Amino acid sequence: GFEDVVRWAHVKEAWLRRFLLLKNGIPSADTFSRVFRLLDPKAFESAFRSWVGSTLTAFNHVAIDGKSLRGSADVGRGPVHMVSAFATELGLALGQEAVANKSNEITAIPVLLEALAIKGCLISIDAMGCQKDIAHTIRRREADYLLAVKNNQPSLRGAIEDAFADVPIEGFEHSERARGRTVLQHVQVIANTGQIDTAIWPDCKRIGRVVSLRIDGKNRQALETRYYISSAPLDHQSLFTSVRQHWGIENRLHWSLDVIFREDASKIRKDHGPRNIGLIRKIILNVLRQDTAHPKVSLKGRRKMAGWDDDERMRLLGITPL
């Protein structure tokens, strides 16, 4: 919270004065709060996207998913829900768009897509984003889509299930054991030869199925089947890879925000405050992830080092004294 920002600033005032004049001293917590409540989030996010674009190397896969800022809920209002775009190969946040609740992701995703340079990329979205307008937006932006299909699209799911009814069993198989659990996956891709209407789902070339069998340490089993459509010419293995990469947004972005920055515990609630501070966290996460000085140190460890060591903080932020 802003009280902690002010406490830290007072402790580090001598260091801060190497870079800032601070003619009126350290601002109060109320001043910080007012600034972030009033700061135009659209302008801030535009600056963020420009900065990210200037630092990126090439990437080919963008995952889009939403996350609620649980601590931002206020009287009469639920938590702010953020839809984020994530470059899976680089592990970097590309942008965000705020919505009132999870169901409004459908309207936020096209806005976010319009703001990103996605030409030539594969855009993966979970079932909430499996909407024809979103597919058309992606294709119009000269990118490909990979959309998960669940029961929110019953006709589409039924057509996919029928398409796989008589398909031979060959595909890509993968097994993994972690945290006392074994996961066996069988991945298949078939060509869309008329099963999916390309007037509704533009340029749909492939239909995918991933069957997962999870076996826990007590030998209890759970079987799950997931379906996908894509405008990209994926094969069995590339579908597996793309689906696996998509979950990087959960593991490497959302999980990191909660564990490293305790995002869900933040009680910043008013006006644009939650949205703007959420973007600050993504900026810091990108800075930490792009730094190569301590490759064997975790992101959490790198953040602590920057908090403890004045020279390390200066180096990481790339700033120089006045």
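A residue is called buried under 20% relative accessible area, exposed over 50% and partly exposed in between, with a 1.4 Å probe and protein chains only. By that cut-off C204 is buried, with a relative accessible area of 4%.

The model is predicted, so local features need pLDDT of at least 70 and side-chain atom pairs count only at pLDDT 80 or more, while totals for chains, interfaces and linings use all residues. Residues are numbered from 1 along each chain as its sequence is written, and side-chain values use heavy atoms, with hydrogens and water left out.

## The chain as a whole

Let us start with the overall picture. The chain has 12 helices and nine strands; helices (H or I, at least four residues) and strands (E, at least two) are DSSP runs, numbered from the N terminus. Its C-alpha atoms fill a box of roughly 75 × 40 × 40 Å along the principal axes. Of the 322 residues in the chain, 46% are buried. Contact here means heavy atoms within 4.5 Å. Among contacts between residues at least 6 apart in sequence, 61% join residues at least 24 apart.

## The sheet

The nine strands of an open sheet follow the order β3-β2-β1-β4-β5-β9-β8-β7-β6, with mixed pairing. Two strands pair if DSSP finds at least two bridges between them. At the edges are β3 (92–99) and β6 (172–178), each of which pairs on one side only. From one strand to the next the twist averages 20°. As background, strands of a sheet pair through backbone hydrogen bonds, either parallel or antiparallel.

Here are some of the pairings, each with one pair of residues that stand opposite each other.

| Strands | Sense | Bridges | Opposite residues |
|---|---|---|---|
| β1 and β2 | antiparallel | eight | S68 and H81 |
| β1 and β4 | parallel | four | A63 and S124 |
| β5 and β9 | antiparallel | four | A148 and Y228 |
| β8 and β9 | antiparallel | 10 | V211 and T225 |
| β7 and β8 | antiparallel | 10 | V183 and R214 |

The hairpin of β8 and β9 has five residues between the strands, and N219 takes a positive phi near 70° there.

## Strand β1 and H61

Why is β1 described as largely enclosed by the rest of the structure? Eight of its nine residues are buried, so the description follows from that count. H61 lies in β1 and is buried, with a relative accessible area of 2%. Leaving aside residues up to four places away in sequence, H61 touches F86, A87, T88, E89, L122, S124, S242, Q245 and H246.

Helix α9 (residues 248–261) lies across β1 (61–69), β2 (80–87) and β3, and runs at about 35° to β1. Helix α6 (residues 132–140) lies across β4 (122–125) and β5 (144–149), running at about 160° to β5. For such values, axes are lines fitted to C-alpha atoms, for helices over the stretch in contact, and angles run from 0 to 180 degrees between N-to-C directions.

How do α10 and α11 pack, and at what angle? Helix α10 (residues 273–290) and helix α11 (residues 299–308) pack at about 100°, with their axes 10 Å apart. That makes α10 roughly perpendicular to α11; angles under 35 degrees count as roughly parallel, over 145 as roughly antiparallel, 65 to 115 as roughly perpendicular and the rest as oblique. On the α10 side L285, L288 and R289 take part, meeting L299, R302 and R303 in α11. By class, this contact has three nonpolar, no polar and three charged residues. Ala, Val, Leu, Ile, Met, Phe, Trp, Tyr, Cys and Pro count as nonpolar, Asp, Glu, Lys and Arg as charged, and the others, Gly among them, as polar.

## Cysteines

How many disulfides are there? With a disulfide taken as a pair of cysteine sulfur atoms within 2.5 Å, the count comes to zero. The sulfur of C204 has its closest cysteine sulfur in C130, 9.5 Å away and too far for a bond. For C121 the closest cysteine sulfur is in C204, at 19 Å, which is also too far for a bond. C121 counts as buried too, at 4% relative accessibility.
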